[in-house]
Amino acid sequence: MEFGPRRATAVTQGADMEQQLDRPTWSRQIEFTLAGIGCAVGLGNVWRFPYLCYRSGGGAFLVPYLLMLVVLGIPLLYMELIVGQYTRRGPVHALATVCPLLKGVGIASVAISFIMCTYYNVVITWALYYLFSSFQAPLPWQNCNNTWNTPNCTNHATNSSYTSTASQEFFKYKMLEQTSGVDETGVVRWELLLLLFLAWILIYFCIFKGVKSTGKVVYFTALFPYVILIALLINNAQLPGALDGITFFIVPEWGKLLSVEVWVNAAAQIFNSIGIGFGSLMAMSSYNSFNNNVLKDTLTISIINSLTSILAGFVIFSAFGYMSHLQGIPVSDLAVDGPGLVFVLYPQAFANMPVAQLWAVMFFFMLLCLGLDSEFAMVEVMVTSLMDEFYQHLIKIFKRKELFVLAVCGAACLLGIPCVMQVGIYVFQLMDHYTAIVSIMFLAVFEVILIFSIIQFKPARYGDYVFPPWAQGVGWVIAMGSIVWIPLGAVHTLWVLPGSFMQKLKLSVTPCASDGMSKMAYYERGGGDACPGIAVISSNIHLAEKPPIQTNL
């Protein structure tokens, strides 16, 4: 009586197994390592990390940052890589295999990555705008003699709140044409829209062939930023005042360590920088050969990521010292907030350097490379997860994977259009704030920082602008768009599993109970223990134990 359903389940799972065995792999293992470094090392290393150091006591921030790397970052990254490589699936199927009750966690990570990729590419758009503008002489933010400048514009920053620098006005009035608040939407910035299209075209050609194309791109995009960072550091270190900035960076303000916010920010930076919880590295590790040395990749990616942040800190803070020297104010009094760090303050430093155009082009090209690496990793999460789940249906509709990737990129591009309107900076800040909060809370459900995240939570703001209550509500809707999948996934798992509630609960935490074997097979085995490596390869159940993963260095 149950032969038909059982056979159908087995045949379906057999097809899935065949697809899994045919899964492409990286041409060389170094390509995965570089892709992992490119995914982890991104704009956050030259944007968020220096900013958090700046407001968290300089060198004092390094103490909790490095501690969180060892206690949280490396173990969680190791877990993600080993689960992805062992199951050879994207985050949804991988986590459902390990613990069916947590399949919603995999869905949430995919949702987070997709939400982030819609607005993260806007930063690449801004980098392209500045890159093309850097070929002008003089640089368009070098002085106040431009049509977009206001009477309050100054060439050098002052302590007065009534003036603004040429670089601030270029960012606000020229590139963004920023409105007064989120209530005033304005119109589409056509220059930015075209650059957004260009950014997505670049992303598409980086990933349209899957790991075969990505693996070739990362040789350049993952390595070239280090050439520029080292060149910038050598140049900046020779500037007057650079030592003051570096001193601010490495000398701790120990009193800051008493603030819980500093520790939460350190954990948040580790999560966001390495990419824990976004599913990107898990998806990419699913294309590894089964016997790849996971521990070696984990240590390489995590340590290089943190060293890059520290290197970027020296580059940025040496520029801070130079700016404080020019303005005659302490480093601690510089106006640094959000995107202003890399799109206002640093361009202002370039304007006063010899060969300003050269350094500006190099810096913004570096931002482009860093952004591309992280962006195509986030898009790959969505592509991999959907292909794992709906492979036959998607191929039937789109005929080729390349066309499906094009559809995903096109959808994300359309969703990013509000960020290139005149209200775009507010949309960007709102999405960034609540998506980043979600990623932390999403992981904090399983860690010890949840209570601190809630206590330290602050509503989104942009500079002195406070978002109205309705905008904060929209932000929480964005947040719930990903986190809601965690309880929904758990409820769905308990709903579809057979047996009494206690039997359902036991099945829901049994590895492979809902993915690697049919329900009937589970009961035929008497409920058994965890079943790593179980594969249904035909209408008959066949248990195939996979060899252990090598974890020794």
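Is Arg 48 buried, exposed or partly exposed, and what is its relative accessibility? At 28% relative accessibility, Arg 48 counts as partly exposed. Here, buried means under 20% relative accessible area, exposed means over 50%, and partly exposed is in between (1.4 Å probe, protein chains only).

## Ground rules

Keep in mind that this is a predicted model: local features need pLDDT of at least 70, side-chain atom pairs count only at pLDDT 80 or more, and totals for chains, interfaces and linings use all residues. Residues are numbered from 1 along each chain as its sequence is written, and side-chain values use heavy atoms, with hydrogens and water left out.

## Salt bridges

Back to Arg 48: its side chain meets that of Asp 432 in a salt bridge, 2.5 Å from N to O. To count, a side-chain nitrogen of Lys or Arg has to be within 4 Å of a carboxyl oxygen of Asp or Glu, and that rule gives four salt bridges. Asp 432 is buried, with a relative accessible area of 11%. Arg 48 sits in helix 4 (residues 48–55) and Asp 432 in helix 19, so to speak distant parts of the chain, 384 residues apart. Helices here are DSSP runs (H or I, at least four residues), numbered from the N terminus.

Arg 189 pairs with Glu 177 at 3.7 Å, N to O. Both lie in the loop between helix 8 (166–175) and helix 9 (190–207), so the pair ties together parts that are twelve residues apart in sequence. Arg 189 is buried at 5% relative accessible area, whereas Glu 177 is partly exposed at 34%. Glu 191 joins these two in a network of salt bridges. Elsewhere, Arg 400 bridges to Glu 402, with the closest N and O atoms 3.5 Å apart.

## The nonpolar cores

A nonpolar core is a set of buried Ala, Val, Leu, Ile, Met, Phe, Trp, Tyr and Cys residues joined through side-chain atoms within 4.5 Å. The largest one has 151 residues, and Trp 126, Phe 171, Phe 350, Phe 364 and Leu 367 have the most contacts inside it. Helix 17 (residues 356–398) gives the largest share of this core, 20 residues. A second, separate core has eight residues, including Val 83, Val 105, Ile 483 and Ile 486.

Where does Leu 367 make contact, leaving aside neighbours within four places in sequence? Its partners are Leu 43, Val 46, Ala 127, Val 342 and Phe 343, contact being heavy atoms within 4.5 Å.

## An aromatic pair

Rings of Phe, Tyr and Trp (its six-membered ring) pair if their centres lie within 6.5 Å; planes under 30 degrees apart are stacked, over 60 edge-to-face, and the rest tilted. The count comes to 42 aromatic pairs. Trp 126 and Phe 428 have ring centres 5.0 Å apart and planes at 55 degrees, so this pair is tilted. Trp 126 belongs to helix 7 (residues 103–133) and Phe 428 to helix 19 (residues 424–444), 302 residues apart. Both Trp 126 and Phe 428 are buried.

## Helix 6, inside

Helix 6 (residues 91–98) is largely enclosed by the rest of the structure, because seven of its eight residues are buried. Among them are Pro 91, His 93 and Thr 97. The cover over its buried residues includes helix 5, helix 7, helix 14 (280–285) and helix 17.

Definitions and conventions: Helices (H or I, at least four residues) and strands (E, at least two) are DSSP runs, numbered from the N terminus.
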